[in-house]
Amino acid sequence: MNNFSRAFIIAEAGVNHNGDINIAKSLIDKAKDAGADAVKFQTFKADALVTQDTPKAQYQATNTGSDDGQYNMLKRLELSDVQHLELARYCKEKAIAFMSTAFDVDSLRFLEQFDQPFIKIPSGEIRNALLLWHSVKAGKPLIISTGMATLGDIEFALSFVNYALHHDSPPSTMECIMRYRAECLSGQYAIDCDKSLSNLVTLLHCTSEYPTPLEQVNLRAMQQLSSTFGVNVGYSDHTLSLSVPCAAVSLGATCIEKHFTLSREMDGPDHRSSLEPEELTLMVSMIRDCERSLGHATKFPQPNEFETQKIARQKLVAKKQIKAGERLTEDNVTTARSPSGMCASLYWSVLGKKSSCDVEIMSPIC
(Lines give C-alpha, C1' and ligand atoms only; values in the text may rest on other atoms or scores of the structure.)
Protein backbone atom coordinates (compact mmCIF):
# COMPACT_ATOMS: atom_id res chain seq x y z
CA MET A 1 0.00 0.00 0.00
CA ASN A 2 1.19 3.55 -0.62
CA ASN A 3 0.95 5.22 2.79
CA PHE A 4 -2.68 4.25 2.43
CA SER A 5 -3.76 7.55 0.89
CA ARG A 6 -5.49 5.47 -1.78
CA ALA A 7 -7.44 2.37 -0.78
CA PHE A 8 -6.66 -0.84 -2.66
CA ILE A 9 -9.99 -1.96 -4.13
CA ILE A 10 -10.52 -5.67 -4.71
CA ALA A 11 -13.43 -6.65 -6.93
CA GLU A 12 -14.37 -10.01 -5.45
CA ALA A 13 -15.55 -12.29 -8.27
CA GLY A 14 -15.28 -15.27 -5.93
CA VAL A 15 -17.32 -18.11 -7.38
CA ASN A 16 -19.72 -15.86 -9.26
CA HIS A 17 -18.34 -17.28 -12.51
CA ASN A 18 -20.45 -20.40 -11.86
CA GLY A 19 -17.59 -22.53 -13.14
CA ASP A 20 -17.72 -20.92 -16.60
CA ILE A 21 -14.43 -19.46 -17.89
CA ASN A 22 -16.24 -17.03 -20.20
CA ILE A 23 -18.26 -15.61 -17.32
CA ALA A 24 -15.02 -15.32 -15.34
CA LYS A 25 -13.43 -13.32 -18.16
CA SER A 26 -16.47 -11.06 -18.34
CA LEU A 27 -16.10 -10.43 -14.62
CA ILE A 28 -12.47 -9.42 -15.20
CA ASP A 29 -13.59 -7.02 -17.92
CA LYS A 30 -16.18 -5.45 -15.62
CA ALA A 31 -13.73 -5.13 -12.73
CA LYS A 32 -11.24 -3.38 -14.99
CA ASP A 33 -13.92 -1.07 -16.42
CA ALA A 34 -15.03 -0.19 -12.90
CA GLY A 35 -11.53 0.95 -11.92
CA ALA A 36 -10.79 -1.75 -9.36
CA ASP A 37 -7.15 -2.47 -8.53
CA ALA A 38 -7.57 -6.26 -8.53
CA VAL A 39 -10.08 -8.95 -9.33
CA LYS A 40 -10.12 -11.94 -7.01
CA PHE A 41 -11.33 -15.50 -7.42
CA GLN A 42 -11.30 -18.53 -5.10
CA THR A 43 -9.00 -21.54 -5.43
CA PHE A 44 -9.96 -24.90 -3.97
CA LYS A 45 -10.52 -28.54 -4.74
CA ALA A 46 -13.85 -29.71 -3.41
CA ASP A 47 -12.45 -33.18 -2.75
CA ALA A 48 -9.88 -31.71 -0.34
CA LEU A 49 -11.90 -28.84 1.11
CA VAL A 50 -15.10 -30.37 2.38
CA THR A 51 -16.54 -33.73 3.36
CA GLN A 52 -19.46 -34.98 1.32
CA ASP A 53 -21.87 -34.85 4.26
CA THR A 54 -21.24 -31.15 5.09
CA PRO A 55 -24.43 -29.11 4.60
CA LYS A 56 -24.56 -25.71 2.98
CA ALA A 57 -24.57 -22.60 5.11
CA GLN A 58 -28.09 -21.26 5.57
CA TYR A 59 -27.58 -18.35 3.15
CA GLN A 60 -26.13 -20.74 0.56
CA ALA A 61 -29.14 -23.03 0.79
CA THR A 62 -31.50 -20.04 0.58
CA ASN A 63 -29.73 -18.47 -2.38
CA THR A 64 -29.41 -21.70 -4.36
CA GLY A 65 -32.87 -22.96 -3.50
CA SER A 66 -31.70 -26.31 -2.12
CA ASP A 67 -29.33 -27.98 0.30
CA ASP A 68 -27.67 -30.68 -1.73
CA GLY A 69 -24.54 -30.17 0.38
CA GLN A 70 -21.45 -28.02 0.14
CA TYR A 71 -19.50 -30.68 -1.71
CA ASN A 72 -21.85 -30.77 -4.71
CA MET A 73 -22.08 -26.98 -4.80
CA LEU A 74 -18.31 -26.44 -4.61
CA LYS A 75 -17.60 -29.18 -7.13
CA ARG A 76 -19.63 -27.21 -9.68
CA LEU A 77 -17.83 -23.98 -8.82
CA GLU A 78 -14.17 -25.01 -8.71
CA LEU A 79 -11.77 -23.76 -11.38
CA SER A 80 -9.19 -26.06 -12.96
CA ASP A 81 -5.47 -25.31 -12.95
CA VAL A 82 -5.64 -24.55 -16.67
CA GLN A 83 -8.50 -22.11 -16.12
CA HIS A 84 -6.48 -20.33 -13.42
CA LEU A 85 -3.59 -19.91 -15.82
CA GLU A 86 -5.91 -18.57 -18.50
CA LEU A 87 -7.54 -16.09 -16.12
CA ALA A 88 -4.18 -14.85 -14.83
CA ARG A 89 -3.01 -14.27 -18.42
CA TYR A 90 -6.25 -12.47 -19.21
CA CYS A 91 -5.82 -10.20 -16.18
CA LYS A 92 -2.32 -9.34 -17.36
CA GLU A 93 -3.67 -8.44 -20.80
CA LYS A 94 -6.28 -6.21 -19.19
CA ALA A 95 -3.76 -4.59 -16.81
CA ILE A 96 -5.58 -5.53 -13.61
CA ALA A 97 -4.05 -7.52 -10.76
CA PHE A 98 -5.05 -11.18 -10.52
CA MET A 99 -5.80 -12.55 -7.07
CA SER A 100 -7.32 -15.71 -5.71
CA THR A 101 -8.02 -16.96 -2.21
CA ALA A 102 -6.57 -20.38 -1.36
CA PHE A 103 -8.52 -22.53 1.08
CA ASP A 104 -5.84 -25.19 1.56
CA VAL A 105 -2.06 -25.50 1.42
CA ASP A 106 -1.93 -27.26 -1.95
CA SER A 107 -4.01 -24.49 -3.51
CA LEU A 108 -1.78 -21.89 -1.86
CA ARG A 109 1.33 -23.51 -3.32
CA PHE A 110 -0.29 -23.61 -6.75
CA LEU A 111 -1.05 -19.88 -6.52
CA GLU A 112 2.55 -19.02 -5.65
CA GLN A 113 3.41 -19.07 -9.36
CA PHE A 114 1.24 -15.98 -9.89
CA ASP A 115 2.48 -12.52 -9.02
CA GLN A 116 -0.30 -11.65 -6.59
CA PRO A 117 0.00 -8.39 -4.66
CA PHE A 118 -1.34 -10.06 -1.51
CA ILE A 119 -2.22 -13.43 -0.06
CA LYS A 120 -5.76 -13.44 1.23
CA ILE A 121 -6.77 -15.43 4.32
CA PRO A 122 -10.55 -15.86 4.28
CA SER A 123 -12.62 -15.38 7.43
CA GLY A 124 -13.30 -19.08 7.86
CA GLU A 125 -9.58 -19.87 7.99
CA ILE A 126 -8.52 -17.40 10.68
CA ARG A 127 -7.75 -20.32 13.03
CA ASN A 128 -6.29 -22.56 10.35
CA ALA A 129 -2.75 -22.67 11.75
CA LEU A 130 -1.44 -24.78 8.86
CA LEU A 131 -2.71 -22.38 6.19
CA LEU A 132 -1.55 -19.33 8.15
CA TRP A 133 1.95 -20.75 8.56
CA HIS A 134 2.42 -21.55 4.87
CA SER A 135 0.83 -18.26 3.81
CA VAL A 136 3.51 -16.36 5.72
CA LYS A 137 6.26 -18.54 4.27
CA ALA A 138 5.01 -17.67 0.76
CA GLY A 139 6.60 -14.27 1.33
CA LYS A 140 3.78 -11.90 0.35
CA PRO A 141 1.86 -9.30 2.35
CA LEU A 142 -1.23 -10.77 3.98
CA ILE A 143 -4.85 -9.69 4.03
CA ILE A 144 -6.76 -11.44 6.81
CA SER A 145 -10.56 -11.27 6.89
CA THR A 146 -12.12 -11.23 10.35
CA GLY A 147 -15.73 -12.22 9.75
CA MET A 148 -17.13 -14.29 12.66
CA ALA A 149 -13.93 -13.54 14.63
CA THR A 150 -13.40 -12.44 18.21
CA LEU A 151 -10.39 -10.42 19.31
CA GLY A 152 -8.99 -13.70 20.61
CA ASP A 153 -9.30 -15.29 17.16
CA ILE A 154 -7.47 -12.35 15.62
CA GLU A 155 -4.73 -12.47 18.24
CA PHE A 156 -4.31 -16.18 17.48
CA ALA A 157 -3.86 -15.48 13.76
CA LEU A 158 -1.44 -12.60 14.28
CA SER A 159 0.60 -14.59 16.81
CA PHE A 160 1.07 -17.38 14.26
CA VAL A 161 1.96 -14.89 11.54
CA ASN A 162 4.42 -13.15 13.85
CA TYR A 163 6.08 -16.41 14.86
CA ALA A 164 6.34 -17.60 11.26
CA LEU A 165 8.06 -14.33 10.30
CA HIS A 166 10.90 -15.02 12.72
CA HIS A 167 11.16 -18.80 13.01
CA ASP A 168 11.51 -21.76 10.67
CA SER A 169 9.56 -24.41 12.54
CA PRO A 170 6.03 -24.07 13.91
CA PRO A 171 5.53 -24.02 17.69
CA SER A 172 2.66 -24.78 20.03
CA THR A 173 -0.27 -22.37 19.96
CA MET A 174 0.47 -21.14 23.48
CA GLU A 175 4.11 -20.45 22.64
CA CYS A 176 3.00 -18.39 19.63
CA ILE A 177 0.65 -16.28 21.69
CA MET A 178 3.07 -15.76 24.56
CA ARG A 179 5.85 -14.67 22.19
CA TYR A 180 3.48 -12.40 20.33
CA ARG A 181 2.44 -10.67 23.53
CA ALA A 182 5.98 -10.42 24.85
CA GLU A 183 7.80 -9.48 21.65
CA CYS A 184 5.48 -7.97 19.08
CA LEU A 185 3.16 -5.98 21.31
CA SER A 186 6.13 -4.67 23.27
CA GLY A 187 7.65 -3.34 20.04
CA GLN A 188 10.72 -5.58 20.08
CA TYR A 189 10.37 -6.27 16.35
CA ALA A 190 9.44 -2.71 15.41
CA ILE A 191 12.94 -1.90 14.10
CA ASP A 192 12.85 -4.89 11.75
CA CYS A 193 10.61 -3.32 9.12
CA ASP A 194 10.78 -6.29 6.76
CA LYS A 195 9.38 -8.53 9.50
CA SER A 196 6.97 -6.11 11.13
CA LEU A 197 3.30 -7.04 11.26
CA SER A 198 2.41 -3.40 10.71
CA ASN A 199 4.04 -3.54 7.28
CA LEU A 200 2.88 -7.00 6.25
CA VAL A 201 -0.66 -7.50 7.57
CA THR A 202 -3.98 -5.85 6.80
CA LEU A 203 -6.98 -6.92 8.87
CA LEU A 204 -10.28 -6.71 7.03
CA HIS A 205 -13.24 -6.00 9.24
CA CYS A 206 -16.10 -8.14 7.96
CA THR A 207 -19.56 -9.41 8.86
CA SER A 208 -20.18 -12.89 7.48
CA GLU A 209 -23.83 -12.42 6.62
CA TYR A 210 -24.91 -12.43 2.97
CA PRO A 211 -26.19 -9.80 2.41
CA THR A 212 -25.29 -7.97 5.61
CA PRO A 213 -28.01 -5.78 7.20
CA LEU A 214 -26.71 -2.25 7.83
CA GLU A 215 -27.27 -2.54 11.57
CA GLN A 216 -24.83 -5.48 11.66
CA VAL A 217 -21.97 -3.74 9.84
CA ASN A 218 -20.34 -2.19 12.95
CA LEU A 219 -17.75 -0.16 11.05
CA ARG A 220 -16.34 1.42 14.20
CA ALA A 221 -14.82 -1.96 15.03
CA MET A 222 -12.14 -1.07 12.46
CA GLN A 223 -10.83 1.54 14.85
CA GLN A 224 -10.56 -1.03 17.64
CA LEU A 225 -8.66 -3.41 15.36
CA SER A 226 -6.21 -0.66 14.45
CA SER A 227 -5.59 0.51 18.01
CA THR A 228 -5.48 -2.99 19.52
CA PHE A 229 -3.20 -4.69 17.02
CA GLY A 230 -1.27 -1.81 15.43
CA VAL A 231 -1.73 -3.04 11.86
CA ASN A 232 -3.45 -1.68 8.77
CA VAL A 233 -7.19 -2.18 8.59
CA GLY A 234 -9.63 -2.52 5.73
CA TYR A 235 -13.17 -3.67 5.10
CA SER A 236 -14.74 -6.61 3.30
CA ASP A 237 -18.30 -5.62 2.47
CA HIS A 238 -21.30 -7.88 2.07
CA THR A 239 -23.99 -5.20 2.16
CA LEU A 240 -25.79 -4.03 -0.95
CA SER A 241 -24.90 -0.44 -0.04
CA LEU A 242 -22.54 1.79 -1.97
CA SER A 243 -22.08 4.23 0.90
CA VAL A 244 -20.80 1.74 3.49
CA PRO A 245 -17.43 1.14 1.74
CA CYS A 246 -17.04 4.92 1.44
CA ALA A 247 -17.71 5.29 5.16
CA ALA A 248 -15.08 2.61 5.79
CA VAL A 249 -12.52 4.59 3.80
CA SER A 250 -13.36 7.71 5.79
CA LEU A 251 -12.62 5.71 8.96
CA GLY A 252 -9.20 4.67 7.66
CA ALA A 253 -9.76 1.55 5.56
CA THR A 254 -6.71 0.93 3.38
CA CYS A 255 -8.30 -1.94 1.46
CA ILE A 256 -11.87 -2.49 0.30
CA GLU A 257 -13.13 -5.86 -0.90
CA LYS A 258 -16.54 -6.08 -2.52
CA HIS A 259 -18.37 -9.01 -4.15
CA PHE A 260 -19.73 -8.36 -7.60
CA THR A 261 -21.61 -10.30 -10.26
CA LEU A 262 -22.82 -9.88 -13.79
CA SER A 263 -26.39 -10.13 -12.48
CA ARG A 264 -28.02 -10.79 -9.12
CA GLU A 265 -30.56 -12.91 -10.98
CA MET A 266 -27.97 -15.59 -11.77
CA ASP A 267 -28.04 -18.93 -9.94
CA GLY A 268 -25.41 -19.41 -7.26
CA PRO A 269 -24.67 -18.85 -3.57
CA ASP A 270 -23.21 -15.32 -3.70
CA HIS A 271 -24.94 -13.48 -6.54
CA ARG A 272 -27.73 -12.01 -4.40
CA SER A 273 -25.28 -10.31 -2.01
CA SER A 274 -23.13 -8.90 -4.83
CA LEU A 275 -23.07 -5.63 -6.73
CA GLU A 276 -23.83 -5.53 -10.42
CA PRO A 277 -21.24 -3.94 -12.77
CA GLU A 278 -22.78 -0.47 -12.89
CA GLU A 279 -22.97 -0.41 -9.09
CA LEU A 280 -19.35 -1.54 -8.77
CA THR A 281 -18.27 1.28 -11.08
CA LEU A 282 -20.22 3.80 -9.02
CA MET A 283 -18.79 2.44 -5.76
CA VAL A 284 -15.20 2.83 -6.99
CA SER A 285 -15.94 6.37 -8.16
CA MET A 286 -17.53 7.24 -4.80
CA ILE A 287 -14.52 5.85 -2.90
CA ARG A 288 -12.09 7.90 -5.00
CA ASP A 289 -14.22 11.01 -4.42
CA CYS A 290 -14.21 10.25 -0.71
CA GLU A 291 -10.42 9.93 -0.69
CA ARG A 292 -9.97 13.23 -2.50
CA SER A 293 -12.21 14.94 0.01
CA LEU A 294 -10.50 13.59 3.15
CA GLY A 295 -7.49 15.90 2.91
CA HIS A 296 -5.24 16.35 5.95
CA ALA A 297 -5.92 16.17 9.65
CA THR A 298 -5.21 19.90 10.01
CA LYS A 299 -7.75 22.70 9.77
CA PHE A 300 -6.56 25.55 7.56
CA PRO A 301 -8.05 27.68 4.75
CA GLN A 302 -7.78 26.26 1.28
CA PRO A 303 -6.08 28.50 -1.34
CA ASN A 304 -9.28 29.68 -3.02
CA GLU A 305 -10.84 30.53 0.32
CA PHE A 306 -8.57 33.53 0.82
CA GLU A 307 -10.24 35.40 -2.04
CA THR A 308 -13.69 34.54 -0.69
CA GLN A 309 -12.56 35.56 2.79
CA LYS A 310 -11.90 39.14 1.59
CA ILE A 311 -15.57 39.54 0.70
CA ALA A 312 -17.32 37.20 3.14
CA ARG A 313 -15.80 38.60 6.34
CA GLN A 314 -17.30 41.85 7.56
CA LYS A 315 -15.28 45.00 8.17
CA LEU A 316 -15.76 48.07 10.34
CA VAL A 317 -17.86 50.73 8.61
CA ALA A 318 -19.54 53.98 9.60
CA LYS A 319 -23.12 53.55 10.80
CA LYS A 320 -23.57 57.27 10.08
CA GLN A 321 -21.31 60.06 8.90
CA ILE A 322 -18.25 60.55 11.10
CA LYS A 323 -16.20 63.76 11.20
CA ALA A 324 -12.41 63.84 11.60
CA GLY A 325 -11.57 63.99 15.33
CA GLU A 326 -14.98 62.57 16.32
CA ARG A 327 -14.84 59.67 18.77
CA LEU A 328 -15.86 56.23 17.51
CA THR A 329 -18.83 54.87 19.46
CA GLU A 330 -21.48 52.17 19.28
CA ASP A 331 -23.74 54.79 17.72
CA ASN A 332 -21.52 55.51 14.71
CA VAL A 333 -19.60 52.26 14.13
CA THR A 334 -21.02 49.00 12.82
CA THR A 335 -19.94 46.06 10.63
CA ALA A 336 -20.74 45.17 7.04
CA ARG A 337 -19.23 43.35 4.11
CA SER A 338 -16.72 45.60 2.40
CA PRO A 339 -13.70 45.06 0.12
CA SER A 340 -11.55 47.13 2.49
CA GLY A 341 -11.40 48.38 6.04
CA MET A 342 -10.53 47.08 9.48
CA CYS A 343 -11.54 43.56 10.51
CA ALA A 344 -14.78 43.29 12.49
CA SER A 345 -12.80 41.54 15.24
CA LEU A 346 -11.40 44.99 16.17
CA TYR A 347 -14.82 46.50 16.93
CA TRP A 348 -14.33 46.81 20.69
CA SER A 349 -10.73 47.93 20.24
CA VAL A 350 -11.56 51.06 18.23
CA LEU A 351 -14.42 52.35 20.37
CA GLY A 352 -13.39 55.52 22.18
CA LYS A 353 -10.69 56.41 19.71
CA LYS A 354 -10.86 59.50 17.49
CA SER A 355 -11.40 59.21 13.77
CA SER A 356 -8.41 60.40 11.78
CA CYS A 357 -10.55 61.51 8.85
CA ASP A 358 -14.08 62.13 7.66
CA VAL A 359 -15.95 58.88 6.98
CA GLU A 360 -19.14 58.73 4.93
CA ILE A 361 -22.00 56.47 6.00
CA MET A 362 -21.31 52.76 5.20
CA SER A 363 -17.74 53.59 4.21
CA PRO A 364 -14.85 51.56 5.71
CA ILE A 365 -13.10 52.71 8.84
CA CYS A 366 -9.36 52.48 8.25
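Student: How do you know that the reach of helix α8 is close to the one expected?

Tutor: Helix α8 (residues 151-166) has 16 residues and spans 23 Å from first C-alpha to last, close to the 22 Å expected at 1.5 Å a residue. The expected span is 1.5 Å times one less than the number of residues. Helices here are DSSP runs of H or I with at least four residues, strands are runs of E with at least two, and both are numbered from the N terminus. By the way, this is a predicted model: local features need pLDDT of at least 70, side-chain atom pairs count only at pLDDT 80 or more, and totals for chains, interfaces and linings use all residues. Residues are numbered from 1 along each chain as its sequence is written, and side-chain values use heavy atoms, leaving out hydrogens and water.

Student: What makes α8 largely enclosed?

Tutor: 13 of its 16 residues are buried, so the rest of the structure largely encloses α8. Buried means under 20% relative accessible area, exposed over 50%, and partly exposed in between (1.4 Å probe, protein chains only).

Student: Is Glu-12 buried or exposed?

Tutor: Buried, because its relative accessible area is 1%. Lys-40 is buried too, also at 1%.

Student: What makes Asp-115 count as exposed?

Tutor: Its relative accessibility is 70%, so Asp-115 passes the cut-off for exposed.
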